[in-house]
Amino acid sequence: MSNYKSGFVAVIGRPNVGKSTLINHIIGQKIAIMSDKPQTTRSRIQCIFNMDNAQMIFLDTPGIHKPKHKLGEYMLKAAEGTLKEVDVIFFVVDATEKFGGGENYIIERLKTSTNKPVILVINKLDLIDKQQSLPIIASYSTKYDFAAVIPISAINGTNVESLIDEAKKYLPEGPQYYPSEMVTDQPERLIIAELVREKVLHLTEDEVPHSIAVDIDEMKQRNNGDTYIRATIYVERDSQKGILIGKNGDMLKNIGKLARPEIEMLIGTKVYLDLWVKVKKNWRNSLGAIQNFGLGNND
C-alpha cells in the first residue's frame, strides 16, 4: 500500500489521568479498563486504531510511579520499557491537578529514556474553563521540549481528532501490522478478567482494590448458545475475601451483575458468569504469582 503509515504510540502519565479513557475513545470500544483508583492498568494493553491510510498501535501503559512491591516494579518496568519501542509518546496530564513530583518524575524519565517526539496531552478540559489551559501549557512548556501540546477531553472526545492528526505526522511509512477489523492483540480471556477486575475496583474501598487479581478458570459454549465463564478473584487476606463476597453474597452478585453486560457485548453471546473468591497471600510480592496472572510477560 503506497504512502501507508504505521507505528506505535505509548500513552504514559501518572495514575488516574485518563489514559485508558482516551484509548477507549479512540478505538471506539472498551478494551482498557477504567477506574478512579490509581494503578488500574497493570500491563501494556495493545490497541489498534485503523484509518484509511494509516494504522496506529496504542500501548496503554501502567501509570509511572515509584514501586512499593514486585508488582509495582513490574508495572514501572513495563511503562518505561515502552518508551524505547515506540514512534510517538502521549504524555497525559490532568488539567485539574497542579504540576507536582509525579509529573516531574515522568519528565526526568523522558529526558533520559527517549528521543522520540512527545505530545503533551492536557486531559479533562471539560472540568476547567478553556482559558485556564493557557497557564498549564506555559508551565509545562518550560520543563520539556514537547513536539506539540493539545488540550483534550477524553471522556467526550473534544480535540481527540486533532490529537490523532498530530500523532500521524510522526508515524513512519510502514506495513499494516494487523487486519483492519482487529482492535486489540489481547486474548479474550484477559479482557474478560480485566472487566471483572474493573467492577471490583468500582465497588470496593481502599482496602481491597490493589490486592486483587482475576483469573478465568473456564470458558465454554453451552448447548443453548450461552457462554459459561468461571472466574476466580484472588485477594491477599481473609478479611478481603469476606468483603468481596459480602453479606449473603451480595457484593459478589453485584460484581457479576455489572460485569456480565460488558462481557456479553465483547463476545456477542449471553453469559453465565460464575464468580469465586480465593486467598493467595502476599501474591504481589511473588514473581511466580505475578506471571501466573499474565502480568509478567511484557518484558
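User: What share of the 299 residues of the protein chain counts as buried, and what makes a residue buried?

Analyst: Happy to start there: 51% of the 299 residues count as buried. The term means under 20% relative accessible area, with exposed meaning over 50% and partly exposed in between, using a 1.4 Å probe and protein chains only. This is a predicted model, where local features need pLDDT of at least 70 and side-chain atom pairs count only at pLDDT 80 or more, while totals for chains, interfaces and linings use all residues. Residues are numbered from 1 along each chain as its sequence is written, and side-chain values use heavy atoms, with hydrogens and water left out.

User: Why is helix H1 called mostly covered?

Analyst: Seven of the nine residues of H1 (residues 19–27) are buried. Among them are Leu22, Ile23, Ile26 and Ile27. Helices here are DSSP runs of H or I with at least four residues, strands are runs of E with at least two, and both are numbered from the N terminus. Just after H1, Gly28 has a positive phi of about 90°.

User: What makes strand S8 largely enclosed?

Analyst: Eight of the nine residues of S8 (residues 227–235) are buried, so the rest of the structure largely encloses this strand.

User: How do you know that S8 pairs with S7 and with S9?

Analyst: Two strands pair if DSSP finds at least two bridges between them. Nine bridges join S8 to S9 (residues 271–279), running parallel, with Ala231 partnered by Leu275. Both pairs therefore meet the definition of at least two bridges.

User: Why are S7 and S9 said to stand at the edges?

Analyst: The three strands form an open sheet in the order S7-S8-S9, with mixed pairing. S7 and S9 each have a single partner strand, so one side of each is left without a neighbour in the sheet. The twist averages 15° from one strand to the next.

User: Which helices lie across or pack on these strands, and how do you know that they touch?

Analyst: Contact means heavy atoms within 4.5 Å. Helix H6 (residues 188–203) lies across S7, S8 and S9, running at about 130° to S7. Helix H7 (residues 238–245) packs on the sheet and touches S8 and S9, its direction making about 155° with that of S9. Such angles run from 0 to 180 degrees between N-to-C directions, with axes as lines fitted to C-alpha atoms, for helices over the stretch in contact.
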